[in-house]
Amino acid sequence: MRVIDELRPLTAGQLLCIRREVCADTQDELERGALCNARVLAACCFCGGENVFSDAEKVLGELTFREMEELLRRWKNGERASPADVNPHFDEARFACLQER
């Protein structure tokens, strides 16, 4: 997965626009869900101030559904990207142990 250091919020209008456009393109509910999620991630994932994914097809081509779900969970909860996403050598378990001291 590419490095993502920011998950930007989207407005209600942006989300509604994504939903309307995807619903107009397909009738299949599973496809709609995947496409909506991919479009949201394409719009909200940034690294160094730049979009990480140019469009929904890039998201679908590079991320698994599990990775998409994790990013969407963090985005929904207003969380920042984890340090492990920014630094692949970051050891979250070791960091948690150090915080407890």
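Predicted model: local features only at pLDDT ≥ 70, side-chain atom pairs only at ≥ 80, totals over all residues.
Residues are numbered from 1 along each chain as its sequence is written, and side-chain values use heavy atoms, with hydrogens and water left out.

I begin with the sheet. Three strands form an open sheet in the order E1-E2-E3, with antiparallel pairing; strands are DSSP E runs of at least two residues, helices are H or I runs of at least four, and both are numbered from the N terminus. Two strands pair if DSSP finds at least two bridges between them. Strand E1 (6–7) and strand E3 (50–51) each have a single partner strand and stand at the edges, so one side of each is left without a neighbour in the sheet. Strand E2 (residues 45–47) is joined to E3 by two bridges, and Phe-46 stands opposite Asn-51 in E3.

Phe-46 also receives a charge: Arg-8 lies over its face, at 3.6 Å from the ring centre. The criterion is NZ of Lys or CZ of Arg within 6 Å of the ring centre and within 35 degrees of the ring normal.

I turn to the core, a set of buried Ala, Val, Leu, Ile, Met, Phe, Trp, Tyr and Cys residues joined through side-chain atoms within 4.5 Å, where buried means under 20% relative accessible area (1.4 Å probe, protein chains only). The largest nonpolar core has 22 residues, of which Leu-41, Cys-44, Cys-45, Phe-53 and Val-59 touch the most other members. Its largest share, seven residues, comes from H2.

Notes:
Buried < 20%, exposed > 50% of the residue type's maximum accessible area, 1.4 Å probe, protein only.
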